[in-house]
Amino acid sequence: MSDAGTTVIAVASGKGGTGKTTVAAHLAIRGAREMPTVLVDLDVEAPDASGYFKGVRRSGDASEVSVLVPRLVEARCTGCGLCAKACRFGAILSIGGVVTIDPKVCKGCGSCVNACPAAALEEIPMTVGQTSSFDADGLAMLEGRMAIGDIRSTAVIEAAKKRAAESRAALQVRDCPPGVSCPATHAIEGADYVVLVAEPTEFSIHDLGAAARLARGRGIRAGVVINKDGFGDADVAGFCEREGIPVIGRIAFERERAASGAAAELWSDDAAISGEMDAILARALAAAGARTVGGRR
Ligand code: SF4
Ligand code: SF4
């Protein structure tokens, strides 16, 4: 739990299409019955959690996310090339004393500006995405969304995380990007617990292992929710036992349920799902050291 008294549950998966966003949305809905909760969509390349809520509406202004990129002041440039050497992202070329900057590749780290002995680089803001707040049928929601064609997802993820922290909700449920690359790492960073969603297929188990290692590497406890339990014959529970990862929930496969989940429909009227989501959330909160749903710490 953070110093602000917020418990952060990150919902992640080693691959897309496992039902991660469905689980995140349901956990947030169930959590909101007990405590101030915010659902945070950090799948910034293709945020879709808001699509699960029929009456979703914006609840505030969108906030632009920008990074500071260098702009060359040619009159001061000596052509020394130190800026290009300082950029580990390949955003600056210095050929024959002529400097070219590609601002779309720039990560805004500032190394080139610091390296320039002639103060020939100025920093200017460049928009890379936005964060937006929503009222999702009574549930508070925050979304990070990258600008079209941009590749700087981590700046948007960090901005959405910052805005979520400012909401001072008792519970944050993060819908993380799938995979184990840089965006997923940023999305789970700072979480108190990671819920990993997997399906009973060999492919999903392979990626689950990578996601579990990512959480372990960040020192964050994790548990697995098996979605479409009973559909495939790959042994997710056996894998979890061997890896020492607890299975904290199972969503039994039903053809109709799977179809509605794929169509971004909530299972709000499904008592079995609601009960299972309550149990998953209680286990995650207990492991995170927070108070359990309907109970006390
Ligand atoms: S700010 Fe960083 S990433 Fe951008 S051009 Fe300079 S060194 Fe490269
Ligand atoms: S470090 Fe500064 S002076 Fe040297 S090439 Fe780059 S911009 Fe020009």
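Before you start clicking: helices (H or I, at least four residues) and strands (E, at least two) are DSSP runs, numbered from the N terminus. What you have open is a predicted model, where local features need pLDDT of at least 70 and side-chain atom pairs count only at pLDDT 80 or more, while totals for chains, interfaces and linings use all residues. Residues are numbered from 1 along each chain as its sequence is written, and chains are lettered from A and ligands numbered from 1 in the order in which they are written.

Select ligand 1. A residue counts as near a molecule if its C-beta atom, placed from the backbone, lies within 6 Å of it. Around ligand 1 you'll find 14 residues, the closest being Cys87, Ala91, Cys106, Cys109 and Cys112. Strand E4 (63-72) and helix H3 (111-115) each put at least two residues into this shell. By class, the shell has 10 nonpolar, three polar and one charged; here Ala, Val, Leu, Ile, Met, Phe, Trp, Tyr, Cys and Pro count as nonpolar, Asp, Glu, Lys and Arg as charged, and the others, Gly among them, as polar.

Hop over to ligand 2. Its surroundings comprise 15 residues, with Cys77, Cys80, Cys83, Cys116 and Ala120 closest. This shell splits into 11 nonpolar, four polar and no charged.

Now select strand E1 (residues 7-12). Six of its six residues are buried (20 or more other C-beta atoms within 10 Å of the residue's own, all placed from the backbone), so E1 is largely enclosed by the rest of the structure.

In E10, Ala10's bridge partner is Val194.

How values were computed:
Buried ≥ 20, exposed ≤ 12 C-beta atoms within 10 Å, placed from the backbone. Pairing = 2+ DSSP bridges.
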